[in-house]
Amino acid sequence: MSADAQAQTSVDNLLAVLDLDETQARTAEDIFTGRSHSMPTGRIYGGQVLGQSLIAAERTMSEDRAVHSMHGYFLRPGDSSQGLTIAVDRIHDGRSFSTRRSQAYQNGVPIFSMIASFQDEAPGVEHAQPMPEGVPAPGDIPSDEQRVQGVHPQALRMLTDRPVDMRHVEHPLYVAAEGERKAQQAVWMRMRAPMPEDPRLHRAALAYLSDMSIQESILRAHGVPWTTPGLKVASLDHAMWWHRPARVDEWLLYAQESPNARGGRGLATGRIYTQDGVLVASVTQEIMIRVPEAR
């Protein structure tokens, strides 16, 4: 398979994951079902359930009322060999804002719970924190898979099969923690192939991407690569704010930093910019992190 065909297939697989089915079952909630990405670890990637839960909530909204914030908790590890059921509670519909709660279930128990708020487009005051200066352009940085040649074929395949082209500004942490130990990093990212025009899909895909690499500002501060024996990392909660429209099939800069780590938990924040410096989203996530030598 050619590189272009492989890229299109990986994006098509993501679109299939985000293409939820609406069931005929009816309760006080809207019920949707979806499939899961196959993952070598057997655990569902958190960004998948973020995107699916948002798409489910979007399905209960008019197209002119867009998500502006979500707050979610990862309750249990998900099984990537199984699909999910997502229940959406239409909590409130006001003149300008709507609120939805989405809960994702496997085997009858919730694995993720989210509340999202939606708003009509409205005028107002406007400012934004500028994009970091001095960041190399994505075309000047090799792709992540080019920088980790020689790793186990299965690990390399995880990078080449994913739908996103990611380019760490600093050296990636997949195998080794090279360079300065600092609680910040920057990553360029975009989908490997064009996405449909539907802005709801781009918002959901941005949620999908927002869980990818944000934990690394915590790891980088302590010189901990992903391959550290005995390392355990799990997302606890995730919050995201959409500020301005953006396409996920165009380059986006994810500027990340960690203000704190303590007690087996680490906090990470991120800002997502278009290549020309427009701030499109902000993200915060807390993780459980257990490093054997730190006990």
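How many aromatic pairs does the structure hold? Two, and I'll come to both of them in a moment.

First, some housekeeping, everyone. This is a predicted model, in which local features need pLDDT of at least 70 and side-chain atom pairs count only at pLDDT 80 or more, while totals for chains, interfaces and linings use all residues. Residues are numbered from 1 along each chain as its sequence is written, and side-chain values use heavy atoms, with hydrogens and water left out.

Now, those pairs. Rings of Phe, Tyr and Trp (the six-membered ring for Trp) pair if their centres lie within 6.5 Å; planes under 30 degrees apart are stacked, over 60 edge-to-face, and the rest tilted. Tyr45 and Tyr208 make an edge-to-face pair, 5.0 Å centre to centre with 80 degrees between the planes. Tyr45 sits in the loop between β2 (30-34) and α2, and Tyr208 in helix α5, so the pair ties together parts 163 residues apart in sequence. When I say helix or strand, I mean DSSP runs numbered from the N terminus: H or I with at least four residues for helices, E with at least two for strands. Both tyrosines, Tyr45 and Tyr208, are buried, where buried means under 20% relative accessible area, exposed over 50%, and partly exposed in between, using a 1.4 Å probe and protein chains only.

The other pair is Phe74 with Phe112, which is tilted: 5.0 Å centre to centre, 45 degrees between the planes. Phe74 belongs to strand β3 (residues 65-74) and Phe112 to strand β6 (residues 109-120), 38 residues apart.

Phe112 brings us to the core. A nonpolar core is a set of buried Ala, Val, Leu, Ile, Met, Phe, Trp, Tyr and Cys residues joined through side-chain atoms within 4.5 Å. The largest one has 61 residues, and Phe112, Met191 and Ile272 have the most contacts inside it. Helix α5 (residues 199-210) gives the most to this core, with seven residues. Apart from it lies another core of seven residues, including Trp188 and Leu279.

Let's stay with Met191. Leaving aside residues up to four places away in sequence, its contacts (heavy atoms within 4.5 Å) include Val11, Leu14 and Tyr208.

Val11 and Leu14 are also among the buried residues of α1, along with Ala7, Ser10, Leu15, Val17 and Leu18. These cover an arc of only 160 degrees around the axis, which puts them on the same side of α1; the arc is taken from the directions from the helix axis to the C-beta atoms.

Next, the sheet. Two strands pair if DSSP finds at least two bridges between them. Strand β7 (residues 164-168) runs antiparallel to β8 with five bridges, and Asp165 is partnered with Arg190. On to the next neighbour: six bridges join β8 (residues 184-191) to β10 (residues 252-262), again antiparallel. There, Met189 faces Leu252 and Gln185 faces Gln256. Six of the eight residues of β8 are buried, so this strand is largely enclosed by the rest of the structure.

β10 then pairs with β11 (residues 265-274) in the antiparallel sense over nine bridges. Two residues lie between the strands of that hairpin, and Gly263 takes a positive phi near 65 degrees.

Beyond its sequence neighbours up to four places away, Glu58 touches Arg65, Val67, Phe118, Arg200 and Arg203.

Methods: Contact = heavy atoms within 4.5 Å.
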